[in-house]
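Here is a brief report on one protein model.

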Amino acid sequence: MTPAIDPRSPYPAPPRLIATDLDGTLLRDDKSVSARTVAALAAAEEAGIEVFFVTGRPTRWMDVVSDHVHGHGLAICANGAAVVDLRSGGTLLAVHPLARATALGVVRSLRAAAPGTTFGIETAAGFHHEAGYPTLYDDEPGTIVAEAEKLLQDDAVCSAPVLKLLAHHAATAPDAFHALAREGTGSLASVTRSSPGPLLEISGPGVSKASTLARCCAERGITADEVVAFGDMPNDVEMLRWAGTSYAMGNAHPEVIAAASGRTVANNEDGVAVVIEQILRDHDRGRALG
């Protein structure tokens, strides 16, 4: 696939900020950052373009890119619920939590709509889950295994702010589970997904990658038109629609392809780097002509 960039029509001005998702976008499938991508990120920041990592990952899973921080080191995590400074080892700069009462309402709604749903709870201090919830890795120190209702109601068990609620249903197709949850929760919370499986990620109402990215950009005097964004899954859709220029990866979900203004090659083909390299070539061409 050829990226949606026409070298005969260079950017009138380089973007001020690049916002990129991680899994399925910047990272290859083996969770590595290729040498080509590392070089492209460094070159972008050398040219004065800020780079934000914008991900559904929790703050404690940002080690995959912490070695590739160049200028500012800002990351938006948990689908917009947390902003961290990677240069300082993940210092939490801002939190946009999911109210516990709201999370409880979502749990009750999904248990009624899809019996057999199991839950995990991502907090500012760690991760807790129900006994039937399928974890990716062995439990970390401090993890509590209990019913979601107990985790959300008992401050003595789990007191840190809730960043997002995760819901899994093994017997329901991913897109169908997503649609069911959005219909059932209404405006109670923001429901999205980034996993290829039937796993939903639920944040506070109005909290998304886009909302937090917009807030961070406004603090820097950066407009949406000055942002280029990259993504591959439904949790990227709002961000891609908000950014002035956006790219769906070659491996992207159909909703993402429909939302983006352009398309690049797949994550395993360094699709983000391909676009950044073209942006920088256009920038250099513009300077030479100017």
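## Terms and model

Helices (H or I, at least four residues) and strands (E, at least two) are DSSP runs, numbered from the N terminus. The model is predicted.

## The largest pocket

The largest pocket has a volume of about 1000 Å³. Its lining counts 41 residues, and those closest to the centre are Trp61, Leu136, Ser194, Ser195 and Leu199.

Which elements each supply at least two residues of this lining? They are α1 (22-26), α3 (63-66), β8 (162-168) and β10 (199-203). Strand β8 gives the most, with three residues. By residue class, the lining divides into 16 charged, 13 nonpolar and twelve polar.

## Glu122 in strand β6

Glu122 sits in strand β6, which spans residues 118-123. Is this residue buried or exposed? Glu122 has a relative accessible area of 5%. The cut-off for buried is under 20%, so Glu122 counts as buried.

## Aromatic pairs

A pair of aromatic rings is described by the distance of the centres and the angle of the planes. How many aromatic pairs does the structure hold? There are two. Phe127 and Tyr133 form a tilted pair, 5.8 Å centre to centre, with 55° between the planes. Phe127 is buried at 14% relative accessible area. Tyr133 is buried too, at 8%.

Phe230 and Tyr247 form a stacked pair. Their centres lie 5.6 Å apart, and the angle between the planes is 20°. This pair links distant parts of the chain, 17 residues apart. Phe230 belongs to strand β11 (residues 227-231), and Tyr247 to strand β12 (residues 245-248). Both Phe230 and Tyr247 are buried.

## Cysteines

A disulfide is a covalent bond between the sulfur atoms of two cysteines. The structure holds zero disulfides. Cys77 is buried, with a relative accessible area of 0%.

Cys217 also has its closest cysteine sulfur in Cys216. The distance is 7.0 Å, again too far for a bond. Cys217 counts as buried, at 0% relative accessibility.

Note on methods. Residues numbered from 1 in each chain as written. Predicted model: local features only at pLDDT ≥ 70, side-chain atom pairs only at ≥ 80, totals over all residues. Heavy atoms only, no water. 1 Å grid on protein atoms, 1.4 Å probe; cavity = no way out; pocket = protein on both sides within 12 Å on 5 of 7 lines; lining within 4 Å. Points joined across faces, edges and corners; volume = space filled by probe spheres on them. Nonpolar A, V, L, I, M, F, W, Y, C, P; charged D, E, K, R; others polar. Buried < 20%, exposed > 50% of the residue type's maximum accessible area, 1.4 Å probe, protein only. Phe/Tyr/Trp six-rings, centres within 6.5 Å; stacked < 30°, edge-to-face > 60°. Disulfide = S-S within 2.5 Å.
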